[in-house]
Amino acid sequence: MSSSKYPAASFMDLAPQAPDHTENAIGFGPFLLLARQHVLLRNGEPVTLGSRALYLLIALASRAGELLEKSELISFAWPKVVVEECNLRAQIVALRRALGDDGNFSYIVTVPGRGYRFVAPVTMQAVSENAVPQALVPAPTADVPNLQPATPGTVIGREQLILSLADQVLSQRFVTITGPGGIGKTTVALAVAQLLQGRFPQGMCFVDLAPATSGQWVAGMLASALGIQSVSDEPLQSVASVLANSPLLLVLDNCEHVLQATADAVEVLLRCAPQCCVLTTSREPLRADGERVHDLAPLLVPDEDASLSAEQAMTWSGIALFIERVKALDPGFVFKDADVAAASAICRKLDSNALAIEIAAARVRTFGIQDLVGLLDGSFRLQMTGRRTALARHRSLSATLDWTYSMLSGDEQAMLRQLAVFTGSFTLDAVKAMTASSTLDGRNALPLLESLMDKSLLIAGESRLLKRYRLLETTRAYALEKLNEHGEADATRQRHALFALGVLQEAGQTLDGLSPETWVGLYGPEINTVRAALEWAFSPSGDLPTGIELTLGGVPLWLRLSLVSECRTWVDKGLASAATTPLPLRQRMLLQTALASVLMLTYGTGGPMREAWRQVREDARDLGDAEHKLRALWGLWSDRCGCNQYAEALELAERYITLSHSGNQQLLGKRMRALALFHMGDLAGARQNIDEALGSPSAPRSHIIDVHFDQRIAARCLKAQVQLLEGDVDPALRLIGSCVDESITLDHPATLWYTLCLGAIPLALLASNLPKVRYYLGLLQDSTTQQDLHIWRQFRLCFESILLIRQGSPEEGVPLLGEALHHLHGQGDSQLYSLLRCEYALGLARLGLEKLALEVLEDTLQLALGRHERWFVPQMLRIKAQLILRQAQYGAVDKAKVLLRQAWVDAQLAGAHFWRAQIASDLARLQEPKMRIAALPRFQHR
């Protein structure tokens with residue numbers, strides 16, 4: 001939205017110009033300066049003043065509060081003439097004498113070595129040229145002048161709010177609009193005033209209180225703006241007397257630095273002038289009687305993951321303002337769909353602040369939208385300048401924040417600087433911790449926090465469990481600069497890192513005591529605090545031991561949030577530090593454990609993961625750490641299962657069971673044994689062990705951090721697979737469905753991935769239940785959208801390709817499946833090796849490539865038999881028989897019968913009634929007297 005103000009005109013605008021009907025006179029104290037007519041009045045009487053001194057007064061008063069360099073003043077008062085600096089000093093002396101400056105107060109102050117500054121508050125008054133001099137300074141009267149600043153242009157995104165505020169002004173009489181600098185408070189206030197023009201016959205009076213250097217100026221500025229001259233020591237009483245029966249809307253802008261005086265004035269006016277309404281803008285409430293506060297929200301911007309066209313994006317007010325301002329400076333600019341993400345990112349980085357968006361829009365012509373996104377990450381955002389005609393405090397974001405920062409107390413400034421190290425949100429405990437360990441008095445933490453909130457420097461929001469606070473990004477960038485300027489950065493960041501470490505230690509201690517939902521609700525939002533602490537700890541000025549402890553403490557948080565890639569990044573940093581600083585053996589073991597864990601979740605198996613687990617095993621042996629000996633055995637077992645080496649996996653499972661003692665270890669150990677037996681074709685042994693595992697005491701939920709997946713759900717998934725092969729299809733599908741539902745409720749993505757990829761989708765494929773396949777695949781696609789982890793991505797691609805083949809698009813699905821299988825094989829394959837390769841062979845056959853399909857199937861069959869992987873052998877023999885029949889060669893039927901009988905025997909020995917029933921059906925068809933090869937279904941999946 002527009003952030004235009006009612007600014008004082010520049011002194012060049014106030015120099016003599018062509019005649020006009022009205023002009024903006026500058027009021028200060030008892031004086032009124034008509035720059036266009038070169039007239040200075042004191043209490044309505046002309047003041048004798050030389051032309052050079054008058055020029056200097058016009059220059060200084062029109063830019064009140066700003067420093068004007070000596071050279072600038074000389075060039076204005078003596079254009080095209082070279083004069084000595086002593087002439088300037090002489091004219092300033094004359095000007096001060098005419099204004100009645102004395103030792104107690106001066107309108108003009110000297111800035112040694114540089115120039116001069118006009119320090120008195122000024123107001124702008126629209127007056128008629130024909131009204132000079134008598135009517136310019138009226139005596140107290142009930143006729144209030146209709147003084148209105150320039151109305152704002154089109155106000156974007158605030159239409160309903162303006163209507164609502166207008167109603168509130170009429171019903172409540174006193175409304176304050178609050179919000180941070182640049183959010184658009186003045187624009188909204190002026191729009192409300194414009195809307196209410198017809199309701200106030202005597203008009204609207206606008207007073208910008210920004211120039212007031214102290215509260216004592218407020219009443220005088222109000223009287224001056226209303227054209228009321230009073231010789232009383234209490235001008236407010238004169239104002240109240242004049243407005244007693246006047247229906248007037250009074251707009252007081254920028255009240256934040258004179259809150260008490262403004263609040264007092266408003267209360268007097270509302271009490272003495274019952275037809276008067278007041279609308280104020282401030283960065284914090286006035287806390288005056290009858291005040292109705294509206295905190296102005298930022299403009300609306302799409303979320304980061306929103307996918308919008310350019311047309312759709314323009315319905316968001318932040319984007320609409322940004323693009324409107326870009327086009328105003330570059331009429332040829334065309335907003336395209338490809339620009340939406342960058343434009344949205346720019347607005348989000350600027351906290352959807354109207355002034356910031358306008359200033360950033362001016363940079364697009366130079367840098368383009370895409371490059372501007374990155375530029376806003378540094379200090380450039382504070383350096384960008386806006387319109388030259390804007391008020392000084394609105395010409396850059398830095399100037400806006402300078403204005404706010406200068407009004408803070410020393411303690412408020414110190415707290416703001418310290419909180420700037422939090423890159424995201426933080427809790428009240430964080431504020432207390434940072435305050436208690438600094439020079440601030442801890443007893444002042446709460447009042448200081450409340451004060452910063454009131455001044456719109458902090459934003460409060462509700463998380464699921466606790467109220468959290470955050471700094472706007474631009475405010476944080478500014479406060480960080482101040483932190484560095486004060487030389488406090490490293491000490492503050494160290495306190496912040498220690499606080500983050502304390503949070504992680506507390507999180508680790510409560511893993512078992514809190515439900516997953518509660519635990520994530522409490523500690524999930526701390527992820528940005530941990531990230532910022534790690535960035536500092538691993539930096540050249542940081543503290544490496546703290547960084548290592550933060551990394552180890554953060555593993556449960558990353559894994560429970562399934563931020564596996566990020567966990568790997570920090571673990572790698574910790575291990576890389578060993579190149580310069582040797583790590584204690586225990587720290588190395590813990591880091592290697594974390595590395596092996598994230599590699600397992602990322603790739604499932606592979607050499608680097610295997611070596612990491614072996615290192616953990618060696619370190620655990622040297623340290624006598626029984627827990628990590630078991631962790632290493634489990635990790636190496638997972639690697640062997642992923643490589644389909646089930647005999648070795650079974651041996652590792654037996655060793656794990658021998659060393660385990662607790663209930664959760666027994667659960668895991670029995671599941672390890674059951675999984676190996678299942679893939680080796682021993683369904684009875686698998687069922688016995690999985691039932692024993694599920695009969696073990698429940699493991700605490702924190703166990704999923706150590707072993708990545710909820711082991712009870714994983715065990716039930718395996719039980720469903722056993723049930724299916726035993727022929728109990730419907731109970732198996734119901735059980736696996738309940739596992740999926742529980743995984744979703746658990747809100748632990750890795751458990752859901754495991755359940756879907758190694759349980760639900762394979763079972764639905766075996767049962768040829770394509771609706772279930774589609775449903776489960778949709779869950780997998782949604783859950784892995786933000787996680788690009790190799791093993792789960794390849795599984796998803798495999799299932800998507802198989803579904804294409806099953807639905808009649810083998811020409812599209814087969815190449816995709818072949819590529820995914822190639823990537824899986826390159827990493828070491830997976831537990832689904834036989835199933836996926838058979839689906840690939842069936843897909844090739846659907847394309848008419850029966851010979852190649854047979855080669856793929858035969859290679860898979862021989863490899864599976866060689867490594868004791870027998871669970872899928874009956875199905876592979878059955879499919880091989882189908883492929884031989886499809887070739888229609890001499891003796892094909894006899895060969896097929898041999899294969900099917902072999903498959904039936906294998907299924908019978910394993911107790912796999914699911915396979916046996918399908919094989920028996922195929923054999924029966926081959927026994928029919930008039931059997932035709934074409935009569936056999938093209939490719940049976942069941």
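How many aromatic pairs does a search of the whole structure find? I got 22, counting rings of Phe, Tyr and Trp (its six-membered ring) as a pair if their centres lie within 6.5 Å, with planes under 30 degrees apart called stacked, over 60 edge-to-face and the rest tilted.

Ground rules before going on. This is a predicted model, so I note that local features need pLDDT of at least 70 and side-chain atom pairs count only at pLDDT 80 or more, while totals for chains, interfaces and linings use all residues. Residues are numbered from 1 along each chain as its sequence is written, and side-chain values use heavy atoms, with hydrogens and water left out.

**Aromatic pairs.** I looked up Phe-422 and Phe-426: ring centres 4.8 Å apart, planes at 35°, so I logged the pair as tilted. Phe-422 is buried at 2% relative accessibility, and Phe-426 is buried at 1% (buried is under 20% relative accessible area, exposed over 50%, partly exposed in between; 1.4 Å probe, protein chains only).

Next I checked Trp-792 and Phe-795, which are tilted too, with centres 6.1 Å apart and planes at 55°. Both sit in helix α36 (residues 790–806), three residues apart, so about one helical turn separates them. I find Trp-792 buried at 5% relative accessible area and Phe-795 buried at 2%. The two also belong to one aromatic cluster with Phe-709, Trp-753, Tyr-754 and Phe-799.

**Charges over rings.** I found Arg-560 over the face of Trp-519, 5.1 Å from the ring centre. Arg-867 lies over the face of Tyr-833, at 4.5 Å. My test was NZ of Lys or CZ of Arg within 6 Å of the ring centre and within 35 degrees of the ring normal.

**Surface.** I picked out a nonpolar patch of Leu-847, Leu-849 and Leu-852, with about 230 Å² of accessible area together. Leu-847 is in the loop between α38 (833–846) and α39 (850–866) and is partly exposed, at 36%.

**Whole chain.** I counted 42 helices and 15 strands (DSSP runs: H or I, at least four residues; E, at least two). Buried residues make up 57% of the 942. Of the contacts (heavy atoms within 4.5 Å) with a separation of 6 or more, 69% join residues 24 or more positions apart.

Note on methods. Patch = residues over 30% accessible without salt bridge, like charges linked within 9 Å, V, L, I, M, F, W, Y side chains within 5 Å. Areas by Shrake-Rupley, 256 points an atom, 1.4 Å probe, with all protein chains shown as cover. Salt bridge = Lys/Arg side-chain N within 4 Å of Asp/Glu carboxyl O.
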